[in-house]
Amino acid sequence: MTRTLFSRRQFTLAGTSCAGLALSGCGGQGGSQTMVYQPAIESLNQHKVPRWFDDAKYGIFIHWGPYSVPAFAPKRADQVMSGTEEGFKYNPYAEWYLNTMLFEDGPTAAFHRETFGEGYSYDQFGQAFNEALDDWQPDEWARTFKRSGARYVVLVSKHHDGFLLWPSATPNPHKPNWFASRDIVGELAEAVRAQGLRFGIYYSGGVDWTFKHKRIETFQDLFMAMPGHEEGYTDYANAHYRELIERYRPDYLWNDIGYPTDADAFDVLANYYNTVPDGLTNDRWMSPAGLADPEAFARPEGVTGLIPPEPPVWDVRTPEYGTFDRVLPFKWEMTRGLGKSFGYNREESEADLLNAEEIITTLAQASAFGGNFLLNVGPRGDAQLDTHQVSRLNEVGDWLAQNGRYFQDAQAVALQDRFAGSTRVGATTDGTRLFVHLLDANPDAELELPLPDAWAGASAELVDAEDGAVALEGRRLKLLAAEWPLRPVQTLILARSV
């Protein structure tokens, strides 16, 4: 099912078409808010995405916990996360180890038996994780993320296994000592912010296997596994969110899977918006009651990959291992791992990771179509970053140091055409110049593209190309390059004549 251009949330924020205009100011974009928010849909949907997030374009996601110790998920060339029993048995996400190992005839269970023994409990990975924390250097991580060119970092504070990465005043009632021996959230927040980056917190609000866990075999099982008031979970999650907001004041609140009730989600969000006026949240707050609404499962226009059902309140849409292929009147953020997993997977070799050119192309497409790219790093169980992953981050950082100005601190522009011949195109602007991006590795040798009226008569140049590669005739841009410069993304710069 393809959703029409505007959803309920988009109707609230859009107001006008973004065609031919920079996205900033369209779809509710803006700066920090001063209003007092009430825990109600009408009030919460007045919240606007902060300008810092729209400018950032690129962030680092971190999945790190007890699952990083076994660091195993099946690897198959065609495997992606899917909602079938086969998909969950061969789940490529290493952070799902506790669920995947329950398939007795699956590769994760076989790995667990052969590596750790029949009686080895998942709980023992928590102890091993804590023992490795003596060697953790958050400042070193923060410097790596800064060098990568990312503008923000989002840390998983609790994944589905329920293990807490901060010393909570509300400990797990079912698992004593099921938390990190260091305040990972607080220490990393301080280190990241010292580098001038924003800091966000992920929390698995909809799933906690320490409260409710039947082997998940389908997406339907996933939502049926959401604990609530009956399990004593709702008050537990609410207390954690109050604590995370008040203690760490995250710039980004990234919930996952869903939340026990709409009312509780609205309370959390009102508290957050009022506490952190320049913050934002994502679109993964669906309550079990909302799952009965088929409209929530409609796929937005132009999206690929997994996308969560649309809850009543959200700031940013978050496709997973997917993207949008056009400018729409709302902000979005694609997220994926460097490989097929978010948590570190020992089965993935360097060849299984995105290379720097693929990361750059993905980031460029996101920026050109009004999105961000949240790229996941999966640290190892010994508290170290994987050297192959760091190498990729460094390469991207070097490229952004030279070319980031064409994407970061620039706003998406909707072009009349999304293709020039067979070549995908997108555009951004810094307010004084228009940057037209050719998003395919091998663009057509000669291209012609209509431009917005405002750029008729502008001068044009192709980055890293010799003079004469570009001609501008009125509103039509003609590219005459017989040999393209060696760049992952070709960018043309248009400047209005003074």
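**Close-up views of a predicted model**

**View 1. Tryptophan 136 in its loop.** Tryptophan 136 sits in the loop between helix 7 (123-132) and helix 8 (138-147). Helices (H or I, at least four residues) and strands (E, at least two) are DSSP runs, numbered from the N terminus. This is a predicted model, in which local features need pLDDT of at least 70, side-chain atom pairs count only at pLDDT 80 or more, and totals for chains, interfaces and linings use all residues. Residues are numbered from 1 along each chain as its sequence is written, and side-chain values use heavy atoms, with hydrogens and water left out. Is tryptophan 136 buried or exposed? Tryptophan 136 is buried, with a relative accessible area of 1%; here buried means under 20% relative accessible area, exposed over 50%, and partly exposed in between (1.4 Å probe, protein chains only). Between the C-alpha atoms of tryptophan 136 and glutamine 365 there are 34 Å, and the two residues are 229 apart along the chain.

View 2. Two strands count as paired if DSSP finds at least two bridges between them. Strand 2 (residues 152-158) runs parallel to strand 3, and six bridges join them. In that pair, valine 154 has glycine 200 of strand 3 as its bridge partner.

**View 3. Strand 4 and its neighbours.** On one side, strand 4 pairs in the parallel sense with strand 3 (residues 198-203) over four bridges. Which residue of strand 4 is the bridge partner of tyrosine 202? The partner is tryptophan 254. Strand 4 also runs parallel to strand 5 (residues 280-281), with two bridges joining them. Leucine 253 has threonine 281 in strand 5 as its bridge partner. From strand 4 the chain crosses through helix 12 (residues 262-275) to strand 5, a β-α-β crossover that is right-handed. A crossover is right-handed if, with the strands pointing away from the viewer, the path from the first strand over the helix to the second runs clockwise.

**View 4. The side chains of strand 4.** In a regular strand the side chains alternate between the two faces of the sheet. In strand 4 (residues 252-255), Tyr252 and Trp254 point one way, Leu253 and Asn255 point the other way, and all are buried.

**View 5. Two residues with positive phi.** Most residues other than glycine have a negative phi. Lysine 57 is not a glycine, yet has a positive phi of about 70 degrees. Lysine 57 lies in the loop between helix 3 (51-56) and strand 1 (58-62), and is buried, with a relative accessible area of 1%. Arginine 249 also has a positive value, with phi near 45 degrees. The place to look for arginine 249 is the loop between helix 11 (233-248) and strand 4. Arginine 249 is partly exposed, with a relative accessible area of 46%.

**View 6. The largest pocket.** The largest pocket holds about 530 Å³ of space. Its lining has 29 residues, and Phe219, Arg284, Leu306, Pro308 and Glu320 are the closest to its centre. On a 1 Å grid over the protein atoms alone, a pocket is an open set of points with protein on both sides within 12 Å along at least five of seven lines, a cavity is a set of points where a 1.4 Å probe fits but cannot get out, and lining residues have an atom within 4 Å of a point. Grid points are joined across faces, edges and corners, and a volume is the space filled by probe spheres set on the points. Helix 10 (residues 219-224) gives the largest share of the lining, three residues. By type, the lining has 18 nonpolar, five polar and six charged residues. Ala, Val, Leu, Ile, Met, Phe, Trp, Tyr, Cys and Pro count as nonpolar, Asp, Glu, Lys and Arg as charged, and the others, Gly among them, as polar.

**View 7. The largest cavity.** The structure has three cavities of 30 Å³ or more, and the largest cavity holds about 60 Å³ of space. Among the 14 residues that line the largest cavity, Gly339, Ser341, Phe342, Gly378 and Gln389 lie nearest its centre. Five nonpolar, eight polar and one charged residue make up this lining.
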